[in-house]
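Please keep the sequence and the structure in view while reading.

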Amino acid sequence: MCTLKVIFVCCILIMYGINIANSFPSSSIDRKDYPFPFYSRADWNADPSTDVRPLITLTPYVVIHHTYEPPACNDTAQCEAAMKSMQDYHKSLDWGDIGYNFCVGSEGGAYEGRGWEVVGIHAGKANSISIGICLIGDWREQLPPVQQLETTKALIEEGVKRGFISSDYKLIGHRQALPTECPGTALFNHISTWDHFVPQFEPPPLKKTHK
């Protein structure tokens, strides 16, 4: 009887471990060889997600965002607090998690949101075909610090190298997918000079349903 109980408990623990692992694929939280500071969901004490849908690879779009609130964060503690506040707010909207795939702080750190392999909620029709990257801070009138911009570029390059982002991806600002000021005029004008930027977002055609 005791043996059966032990086996039952072990099975439950194994099942639980698998569920947790499947919530965010291991490749999305592997920080090895990133050429910049990289912080996983565990680092900023993320709550478990209740919205985990697989994102297509190779992802054809990258969408750039900013924030009005929280403001720019200048050290790890501030940026981790910003991540948690964004997750709490997005969950209050019934999104199930922070909306972005990744965020980047002014100190040059990259912070895992939904990661490389999970659909985000950040850009309407672009959600299911894009990686959403938020540069934390209000960038309507001034540019983010150089290290924040460079980490954003490097993060995109890592996505391509690791096989998550298409090598011929298209880069857009949030305002090209939805009516919004985001990612701020200063930042938008800057990313429009980056490689892969396109002037127009072309949403995927609607799939025909057969009765």
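**Overall layout**

The structure is a predicted model. The protein contains four helices and six strands. Along the sequence these elements follow the pattern α-β-β-α-β-β-β-α-β-α. Of the 211 residues in the protein, 46% are buried. The accessible surface comes to about 11200 Å², and carbon and sulfur atoms hold 58% of that surface.

**Aromatic rings**

The protein has eight aromatic pairs. What kind of pair do Tyr61 and Phe201 form? Their ring centres are 5.0 Å apart and their planes stand at 75 degrees; planes over 60 degrees apart count as edge-to-face, so this pair is edge-to-face. Tyr61 belongs to strand 2 (residues 59-66), while Phe201 lies in the segment after helix 4 (185-191), so that the pair links distant parts of the chain, 140 residues apart. Tyr61 has a relative accessibility of 5% and counts as buried, because buried means under 20%. Phe201, at 8% relative accessibility, also counts as buried.

Trp116 and Phe164 form a stacked pair, with 5.6 Å from centre to centre and 5 degrees between the planes. Trp116 is in the loop between strand 4 (110-112) and strand 5 (130-135), and Phe164 is in the loop between helix 3 (146-161) and strand 6 (165-173), so the pair ties together parts that are 48 residues apart in sequence. Trp116 is buried, with a relative accessible area of 0%. Phe164 counts as buried at 8% relative accessibility. Both residues are members of one aromatic cluster, formed by Tyr34, Phe36, Phe38, Phe102, Trp116 and Phe164.

| Charged residue | Ring | Charged end to ring centre |
|---|---|---|
| Lys170 | Tyr61 | 6.0 Å |
| Arg175 | Phe188 | 4.8 Å |

In each row the charged end sits over the ring. Tyr61 is thus found both in the edge-to-face pair with Phe201 and under the charged end of Lys170.

**Helix 3**

The buried residues of helix 3 are Gln148, Leu149, Thr151, Thr152, Ala154, Leu155, Ile156, Glu158 and Gly159. The cover over these buried residues includes strand 2, strand 3 (102-104), strand 4, strand 5, strand 6 and helix 4. Just after helix 3, Gly163 has a positive phi of about 85 degrees.

**Ile191 in helix 4**

Ile191 is part of helix 4. Is Ile191 buried or exposed? Ile191 has a relative accessible area of 0%, so it is buried. Leaving out residues up to four places away in sequence, Ile191 touches Ile64, Leu171, Ile172, Gly173 and Phe197. One of these, Leu171, is 20 residues from Ile191 along the chain, and the C-alpha atoms of the two are separated by 8.3 Å.

How values were computed: Residues numbered from 1 in each chain as written. Predicted model: local features only at pLDDT ≥ 70, side-chain atom pairs only at ≥ 80, totals over all residues. Heavy atoms only, no water. Helix = DSSP H or I, 4+ residues; strand = E, 2+ residues; numbered from the N terminus. Buried < 20%, exposed > 50% of the residue type's maximum accessible area, 1.4 Å probe, protein only. Areas by Shrake-Rupley, 256 points an atom, 1.4 Å probe, with all protein chains shown as cover. Phe/Tyr/Trp six-rings, centres within 6.5 Å; stacked < 30°, edge-to-face > 60°. Lys NZ or Arg CZ within 6 Å of the ring centre and 35° of its normal. Contact = heavy atoms within 4.5 Å.
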